[in-house]
Amino acid sequence: MDYVAKVSSLTGDVSTCHEDRTRAELGCRQLACENADMTAQTLTLTRPDDWHLHVRDGAALASVLPATARQFGRAIIMPNLRPPITTAAQAQAYRERILNVVPPVLTFEPLMTLYLTDNLPPDEVVRAKAAGVVALKLYPAGATTNSDAGVTDIRKTYATLEAMQRAGLLLLVHGEVTDPAIDLFDREAAFIDQVLEPLRRDFPGLKIVFEHITTREAAQYVGSADANLGATITAHHLLYNRNAIFMGGLRPHYYCLPVLKREVHRLALLAAATSGDKRFFLGTDSAPHASQLKEQAVCGAGCYTAPCAMELYAEAFDSVHALNKLEAFASFNGADFYGLPRNIGTMTLVRAPLVVPETLPFADTVIKPLRAGETLAWSLRA
Ligand SMILES: [Zn+2]
């Protein structure tokens, strides 16, 4: 049973709001639809997956991993540790460390990735595939946290990309150029022209995920591309524009990369996420940094959204009366794009206030989740 059917049983038929009617009728129907969404008190979804996640390592890993395992069946684990995960053996060992901190009552599967460097050998791709690694991550050198070992020139990686295309491993891209001469807010659009378009031309059989897209240009580019290009979208880029970073003073917990953009871009992302296009799917890019490292002169990029990720996505979809599109975005599209089975089991969100804690334990210190101290409209049913 899909979500529309589930809500219908509670509130009446919401699907009628999409019927083609006269303008007057449509206005009336839209009102009915809004009322239906507003009165939906529960939302039961197939268990979702997070297709872009940072969980760090050691004590920090143990602090943050349970929050994701509580919400998601699987997650694509980013390889940007220090040193980065560049071999199949390292990925397997990291996977074991992750599984060791999954709470015993939960089931959770980490999906491992390697960090693409200028000289990652093609042989390692074959070993990675055999070890269950599903993708390699391209960070342009210097693009974000722990990306110093990233790719300096994409052409240096072509032999490795050919091996990936042959093996059926996906390429995940942090889609920003790092040229300091290019304005920070234009780096994603420049990446499309300078890197992504030539890359797709040269590797038409390579599946690519344009990670955490932030602009109208990226949403349009993915929307008009073929079936081998997908994109993840974070909850914070669906909920906020760049004003959030500067509201009443500089707010480091809203600083992430790619940085939040203008409202027109946020609206384009919301439209893409709720469009029903199967190539857009959920990736939180939850990126934990200790509070004291965020609240200093130079702060790391990243928003920690894992503890209430689905509540935040529900808020974003609810804001445009598109809760009926959340299940495909969160639970189906990513698995289908990766060629993996959809999860068994469900999760239920209820329209009940949730106060986000001011801080949470993080190794031997604390971390501030996004929306700390605020009240969210949706919460996960325990
Ligand atoms: Zn990331």
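Two strands pair if DSSP finds at least two bridges between them. Helices (H or I, at least four residues) and strands (E, at least two) are taken from DSSP runs and numbered from the N terminus. The model is predicted: local features need pLDDT of at least 70, side-chain atom pairs count only at pLDDT 80 or more, and totals for chains, interfaces and linings use all residues. Residue numbers start from 1 along each chain as its sequence is written.

**Figure 1. The whole protein chain.** The protein chain contains 14 helices and 15 strands. Of its 382 residues, 45% count as buried; a buried residue has 20 or more other C-beta atoms within 10 Å of its own, an exposed one 12 or fewer, and a partly exposed one a number in between, with C-beta atoms placed from the backbone. Two residues are in contact if their C-beta atoms, placed from the backbone, lie within 7 Å. Among contacts between residues at least 6 apart in sequence, 69% join residues at least 24 apart.

**Figure 2. The sheet of S1, S10 and S15.** Three strands form an open sheet in the order S1-S10-S15, with antiparallel pairing. Strand S1 (42-46) and strand S15 (379-380) are at the edges and have a single partner strand each, so one side of each lacks a neighbour in the sheet. Five antiparallel bridges join S1 to strand S10 (residues 346-350). Leu45 has Met347 of S10 as its bridge partner.

**Figure 3. Helix H13 over the sheet.** Helix H13 (residues 309-319) lies across S1, S10 and S15 and runs at about 60 degrees to S10. Axes are lines fitted to C-alpha atoms, for helices over the stretch in contact, and angles run from 0 to 180 degrees between N-to-C directions.

**Figure 4. Surroundings of Glu211.** Glu211 sits in the loop between strand S7 (208-210) and helix H8 (216-223). Glu211 is buried because 24 other C-beta atoms lie within 10 Å. Residues up to four places away in sequence aside, Glu211 touches His52, Leu172, Val173, His174, Gly175, Thr232 and Gly283. Leu171 is 40 residues away along the chain, and its C-alpha atom is 9.9 Å from that of Glu211.

**Figure 5. Surroundings of Phe280.** Phe280 belongs to strand S9 (residues 280-282). Phe280 counts as buried because it has 28 C-beta neighbours inside 10 Å. Apart from neighbours within four places in sequence, its contacts are Ala231, Ile233, Ala272, Ala273, Ser275, Phe329 and Asn333.
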